[in-house]
Amino acid sequence: MKTVGQKVEAFSVVGVKPGFNNHEENGVSAFETVTEASFAGKWKIIYFYPKDFTFVCPTEIVEFNKLAKQFEERDAVLLGGSTDNEFVKLAWRRDHKDLDRLGHWQFADVTGSLVDQLGVRDAAAGVALRATFVIDPDNVIQHVSVNNLNVGRNPSEILRILDGLQTDELCPCNRPVGGATL
């Protein structure tokens with residue numbers, strides 16, 4: 001598994017844009033290829049969940065979505081995904097009232113381009129673990145957390161971690177003490 005300080009290498013997934021419920025709306029596609037070069041200059045919060053149309057996953061996605069504007073205010077793009085395809089994600093948005101017109105990106109990693117690079121595929125189940133990566137604008141991983149398949153996460157904690165990572169000048173270890181840095 002990739003960890004803090006390592007760089008995210010080349011990948012390509014199908015992104016499902018925020019606010020879409022159908023593959024095309026008003027002549028605009030809901031889909032866009034997302035790569036390591038997407039969202040230049042932005043922090044990326046990439047969170048994986050095992051499968052669409054499951055019980056625990058929508059509760060996490062909804063909680064992340066409630067914080068989407070706060071992530072955006074911090075120059076961070078929120079991307080949640082699984083190894084299910086992009087059409088399943090749209091169907092889930094249409095089927096689940098709390099996911100209707102979801103306000104942040106989802107992604108379909110059907111080839112494993114990202115899940116396998118990051119090393120967070122559960123070998124037995126063949127799906128992504130509940131992994132969260134906070135990636136800086138230079139595509140360097142600054143935080144990783146991984147939960148078992150049946151354990152949800154707290155999106156507010158991810159926002160708190162992002163705040164900490166973006167305000168390293170507040171860290172006591174970076175303050176000079178008696179002419180030295182701790």
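Modeller: Contact means heavy atoms within 4.5 Å. Please bear in mind that this is a predicted model. With that cut-off, and leaving out residues up to four places away in sequence, Asp 122 touches Val 127, Leu 129 and Leu 149.

Biologist: Where is Asp 122 found?

Modeller: Asp 122 sits in the loop between helix H4 (115-118) and strand E8 (130-135).

Biologist: Is Asp 122 buried or exposed, and which side chain of opposite charge is nearest?

Modeller: A residue is called buried when its relative accessible area is under 20%. Asp 122 is buried and has no salt bridge; Arg 121, the nearest side chain of opposite charge, is 9.2 Å away. A polar atom of the Asp 122 side chain does, however, lie 2.7 Å from the backbone nitrogen of Ala 125.

Biologist: Which strands pair with E6?

Modeller: Strand E5 (residues 43-48) pairs with E6 in the parallel sense over 6 bridges, and Trp 43 stands opposite Ala 76. Strand E7 (residues 105-108) also runs parallel to E6, joined to it by 4 bridges. There, Ser 82 has Ala 108 as its bridge partner. The chain passes from E6 to E7 through helix H3 (residues 86-95), and this β-α-β crossover is right-handed.

Biologist: Let us turn to charged pairs. How many salt bridges does the structure hold?

Modeller: A salt bridge requires a side-chain nitrogen of Lys or Arg within 4 Å of a carboxyl oxygen of Asp or Glu. The structure holds 10 salt bridges. One of them joins the side chains of Lys 42 and Asp 75, at 3.5 Å from N to O. Lys 42 lies in the loop between strand E4 (31-35) and E5, and Asp 75 in the loop between helix H2 (68-73) and E6, so the pair ties together parts that are 33 residues apart in sequence. Lys 42 is partly exposed at 31% relative accessibility, and Asp 75 is partly exposed at 42%.

Biologist: Which residue forms a salt bridge with Glu 60, and are the two buried or exposed?

Modeller: Glu 60 forms a salt bridge with Arg 130, with the closest N and O atoms 2.7 Å apart. This pair links distant parts of the chain, Glu 60 being in helix H1 (residues 56-66) and Arg 130 in strand E8, 70 residues apart. Both Glu 60 and Arg 130 are buried.

Biologist: What does Arg 74 pair with?

Modeller: Arg 74 forms a salt bridge with Asp 163, the closest N and O atoms being 2.4 Å apart. Arg 74 lies in the loop between H2 and E6 and Asp 163 in helix H5 (residues 155-166), so this pair ties together parts 89 residues apart in sequence. Asp 163 is partly exposed, at 27% relative accessible area. Salt bridges with shared partners also join Glu 60, Arg 130 and Arg 153 into one network.

Terms used
Residues are numbered from 1 along each chain as its sequence is written. This is a predicted model: local features need pLDDT of at least 70, side-chain atom pairs count only at pLDDT 80 or more; totals for chains, interfaces and linings use all residues. Side-chain values use heavy atoms; hydrogens and water are left out. Two strands pair if DSSP finds at least two bridges between them. Helices (H or I, at least four residues) and strands (E, at least two) are DSSP runs, numbered from the N terminus. A crossover is right-handed if, with the strands pointing away from the viewer, the path from the first strand over the helix to the second runs clockwise. Buried means under 20% relative accessible area, exposed over 50%, partly exposed in between (1.4 Å probe, protein chains only). Lys and Arg count as positive and Asp and Glu as negative; His and the chain ends are not counted. A polar contact is a pair of N or O atoms within 3.5 Å; within protein, one must be able to donate a hydrogen and the other to accept it, and residues adjacent in sequence count only if both atoms are side-chain atoms.
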